[in-house]
Amino acid sequence: MNKQRTYIINVAVVLVGLIFIFRLFQIQVLDDKYVNIAEKISLRRQTVYPQRGLIFDRNDKLIVYNDPVYDLMIAVPIRLKGIDTTAFCALLQIDRSEFDKMLERAKTNSYRGKSVFKRNVSNLLYARLQERLYEFSGFFFEIRQDRNYKYNSAAHVLGYLGEINKSELDKQEEEYYEQGDFNGKKGVERFYEKELRGVKGEQYLYVDKFGVIKGSYKEGKLDQDAIDGNNLHLSIDIDLQLYGEQLLDNKMGSVVAIEPSTGQILALISSPFYNPAKFNIQNRGKYYTMAISDPTKPIFNRAVSAPYPPGSTFKPLMALVGLQDEAINKQTHFGCPGFYRLGRRIIKCHPHAFNTGLQLSIASSCNTFYCNTFKNMMQLDKYENSEESYNAWRSYLKSFGVGDKLGIDVSSEVSGWLKDAAYYDKIYGNGSWKYSNIISLSFGQGELGLTPVQIANIAAAIANRGFYYTPHVVRKIENMEYIPEKYLVKNHTKISPSHFDAVVQGMQEVTLSGTASHLVIPGIAIAGKTGTVQNPHGKNHSAYMAFAPVIQPKIAIAVVVEEAGYGSSWAAPIAHLMIEKYLMPDSVSKSSKVDLERKMMESDLIPLKYKSQRNEALYGK
Amino acid sequence: MKLYMESKSRIDIVSLLLFLSIALLGIASVYSATYESGAESLWQGRSGKQLMWFGVSAAVGVVIFLLNSNFFELFSMYIYVTFMILLIVVLVIGADINGARSWIRIGSISIQPSEFAKYGTSFAVASLLSNIGFSWQNRKELIQVAAVILIPMVLIVLQGDTGSALVFLSFFLVFYREGLSPVILIVGLLAILIFILTLIFTSFYLCSALVVGFLVFYAFTYTNKKIIVPSLIILSIAIFFSLSVQFLFDNVLQEHQQKRIQVTLNLIEDNRGAGYNVNQSKIAIGSGSFTGKGFLNGSHTKGNFIPEQETDFIFCTIGEEGGWAISALTVILFIAFILRLYHLARRAKKKFKRIFIFSLASIIFFHVLVNIGMTIGLMPVIGIPLPLISYGGSSVLGFCIFIFTALKMDATRDQDLISTYS
Ligand SMILES: [Zn+2]
């Protein structure tokens, strides 16, 4: 009997062994789910962030560089235990309840995966914490690149970075961004995001249950290095930009300077401006609301986003259209008694010689001359009706980029206002409107709105005697042979080159004997046109457009100073100072302009109603 | 190789080789489970301690082999009593570790008497059962045997170490081998079946099913009056047992104990709490594939995902780093070792020695069954070590002494008279 029982027991033992071996075979060999789960748990894919491309100015001066920000992370929030919370809180300078709150938040974000404990830890805190981090198992730092700036300048051109938002994440064409990544939100940071960002790399690491790294996976065979972003070289001249910003300080307005032969933007200023460093990742949270509530709108990029009626700066273009359409010719003269009569309405002009030809009309900014030109054009026999003639006029303007977005590589550009005929049909009734209803367009008032960059572009097109390159701020992208195609295409206007000389002569006369003759710069021939833009909300806007030198122009410029008064008293001096600064960098300080320069820089033209609500913290270093 | 310690005595070389293979595997596993890259050599840390305990065991082994071959039989009850006293001592002066009071601290060394109690108990069981004229029908002797087992079990449960107490169930295998009616074993198995079915289907449904089953049974056999009464009694006992299980489970067991059982029966999925260890353990072993990730290369082992990996869950290291090949080899080594010990028991000429060696084999079998079964999700989580492999001085020393004693008994079998019973 005992023999049989021994046998039964032996069989049972062998049976258990076989069951175990089979079960092991099942979970180890047949079922590969455990392999996958094990890798998911103990393998961490870590992103290696590339260096974002640096940004240089046209003389290869470094403007924007990278500055690391440190995010304190928890590897696995629910497994966080056994750390000396008191010591940790003391290091972080938080109290216990705050710690608990942050931990709760981290848990809500991600229960088992890594989660942010504290974003943007300061450099000082990072250094202090990093040294002792081994004591706090489960915490680690993730380093990302924030931006920092060599100059307190060009904030609107450069734009800023921000954390990618949900809709951007959903809309991306190829999977690239992950939550928490930074991308360019405004300015060239946004426009050249793809070129600047580089390519992320990845690293596979073994981690323990607290998330502490234990080693690399497969000796790093699957790891991929990050590829740094391409450096961006701008056409902006940072010295000119800074100078313009000084001139526009404490004013509301804009300066755009373009190199006519290339369309490269030399300076693009919108004032008030903010210190770009206050808008980087680390600081923006603090300053953004401040900027939003500032009534002078420091975030708003007036240079590309604010349409102004061009006022008298429009007259050279109007003259060109008149010449091209044969409404006038170079010899045409109109008599100006100091006003233009339109039925019972009177349009005022300024005192000047009665018999007014083309050049005098520009130099003395005669409204009567342009009212007549416009009237002639609208009544030309070749046009059936006002709509047809208006459309012809409109298409000349469009060939200069008026009424359309130019396609500049700075974000938030608007098209401005150039109404179509249907608009007037709607107001005055179908076909029942004529030149008299819209005559103020002829001297740049009424339903016309141009952004400063559009005005500067007109100056560039006149400087080129009939064509322009789409204005842009990119000059070169490193490691790439090209800049966007559209910036290399010559855009021809609908005005024949032969008509320009007469108009340019008139514009030169402006600076010799006309409205800006008090601002003559010895050695530089400037063609310009002042404008005083009627502003129903306050003082007139001061406007000016110009280019120089007259032969082979190197710079075309538009200046608008809001609620400042005559074009000749603010916009024109600022433009001339900038031209002089750009063409003869050392001459301003030596010339008699020092007083003018100081006056421009020190004058505060911010309307009183806004002053009390401005926030100085935004602007300073 | 032949070791002559006394005249005509020699160690069984097969058992010795199997023992050494398992011990080596154990040291390697502990080294890997506690290895931190570049930190320690084999001689330091836990693997070093484990080696030290094997060294101590070898020294004790030499002493055992120098003893007179009749020493154990003569002093068996004294040995038993000594270890029982230790179990009582630990209750009084023991250190409280993780809610269990099962350690005696002497300087820097901690001793776990429960790991030696099964050794002591085996002497008492062997002694009682080998008494001339021992019979399972003798109530006094039956009570003696029951007491010899229940005393250490109760004492160990009182320490809060239920797992170690359950190990004493392996003596039932010895009793079965020594003539105890299989009915007890069958009743035991049926009880386990009812226990499991109750937990799966609840007592209500199980009892309903039993009643319906009985009625069907009755419909076919109602002419046979003799069966009715006994089967009614069996039915009542089954129903009573099922209700008791339900009651005990709901009202007596603590929540974590309920959960452990439910997780094992796959009644609940709980990968965070009670199921966490088992789940992580299955993942570690399962991710080993056929040949494993290589020695010291187990990512799960390195990542410390499995609590108590170097002790109760040491098999994970083997499964992950050695894959199916080494896991299966480990199982085979254990099975071979157990079968070899059964063989030694069978060839013993003295009943005392036979029962003692048989006890050892059954205890190792129970440990292997429960420990490996738990790591691959076939058994509930019961914290008992894998013999010779799990880290722990008491466990290593306890099993080594146990094995050396058995080998000593086997080596001197030729000096013994042919036993009266076989
Ligand atoms: Zn006039």
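Residues are numbered from 1 along each chain as its sequence is written, and chains are lettered from A and ligands numbered from 1 in the order in which they are written. Because the model is predicted, local features need pLDDT of at least 70 and side-chain atom pairs count only at pLDDT 80 or more, whereas totals for chains, interfaces and linings use all residues, and side-chain values use heavy atoms, with hydrogens and water left out.

The zinc ion is coordinated by the SG atoms of Cys336(A), Cys349(A) and Cys366(A) and by NE2 of His352(A), at 2.0 to 2.3 Å. Donors are N, O and S atoms within 2.8 Å of the metal (3.2 Å for Na, K and Ca); water is not among the atoms, so sites may look incomplete. The four donor atoms subtend angles of 105 to 114° around the zinc ion, which makes the arrangement tetrahedral (for four donors, all angles between 85 and 135 degrees). For four tetrahedral donors the ideal angle at a metal is 109.5 degrees. The donor residues follow the sequence spacing C-x12-C-x2-H-x13-C. Cys336(A) lies in the loop between strand 13 (334–335) and strand 14 (339–342) of chain A, and His352(A) in the loop between strand 15 (345–348) and strand 16 (355–356), so the pair ties together parts that are 16 residues apart in sequence. Helices (H or I, at least four residues) and strands (E, at least two) are DSSP runs, numbered from the N terminus. Cys336(A) is buried, with a relative accessible area of 4%; buried means under 20% relative accessible area, exposed over 50%, and partly exposed in between (1.4 Å probe, protein chains only).

The largest nonpolar core holds 136 residues, of which Leu234(A), Tyr390(A) and Trp393(A) touch the most other members. Such a core is a set of buried Ala, Val, Leu, Ile, Met, Phe, Trp, Tyr and Cys residues joined through side-chain atoms within 4.5 Å. Helix 18 (residues 452–463) of chain A gives the most to this core, with nine residues. Domain 1 (46–234) and domain 2 (238–618) of chain A both give residues to this core, so it lies between them; the domain bounds come from an automatic or database domain assignment. Apart from this core lies another, of 114 residues, among them Val16(A), Ala124(B), Trp324(B) and Phe358(B).

Beyond its neighbours within four places in sequence, Leu234(A) is in contact with residues including Ile55(A), Phe56(A), Arg58(A), Val188(A), Val473(A) and Arg475(A), contact meaning heavy atoms within 4.5 Å. Arg58(A) is placed in the loop between strand 2 (55–56) and strand 3 (62–74) of chain A and is buried, at a relative accessible area of 16%. A polar atom of the Arg58(A) side chain lies 2.9 Å from the backbone oxygen of Ser235(A). With neighbours within four places in sequence left aside, the contacts of Arg58(A) include Leu234(A), Asp237(A), Glu259(A) and Tyr582(A). The loop between strand 2 and strand 3 also holds Asp60(A), which has a positive phi of about 60° although it is not a glycine. Asp60(A) is partly exposed, with a relative accessible area of 43%.

Gly506(A), in helix 19 (residues 500–512) of chain A, is buried at a relative accessible area of 0%. Its C-alpha atom is separated by 5.4 Å from that of Ile362(A), 144 residues apart along the chain. Leu222(A) is situated in the loop between strand 9 (213–216) and strand 10 (232–234) of chain A and counts as partly exposed at 42% relative accessibility.

Two cis peptide bonds are noted in chain A. The bond from Ser271(A) to Pro272(A) has omega near 0°, and Pro272(A) lies in the loop between strand 12 (264–271) and helix 11 (281–292). The bond from Ala548(A) to Pro549(A) has omega near -15°, with Pro549(A) in the loop between strand 23 (541–548) and strand 24 (555–561). Gln552(A), found in the loop between strand 23 and strand 24, has a positive phi of about 50° although it is not a glycine, and counts as exposed at 64% relative accessibility.

Technical notes: Four donors count as tetrahedral if all angles lie between 85 and 135 degrees; four count as square planar and six as octahedral if opposite donors are over 155 degrees apart and all others between 65 and 115; anything else is irregular. A polar contact is a pair of N or O atoms within 3.5 Å; within protein, one must be able to donate a hydrogen and the other to accept it, and residues adjacent in sequence count only if both atoms are side-chain atoms.
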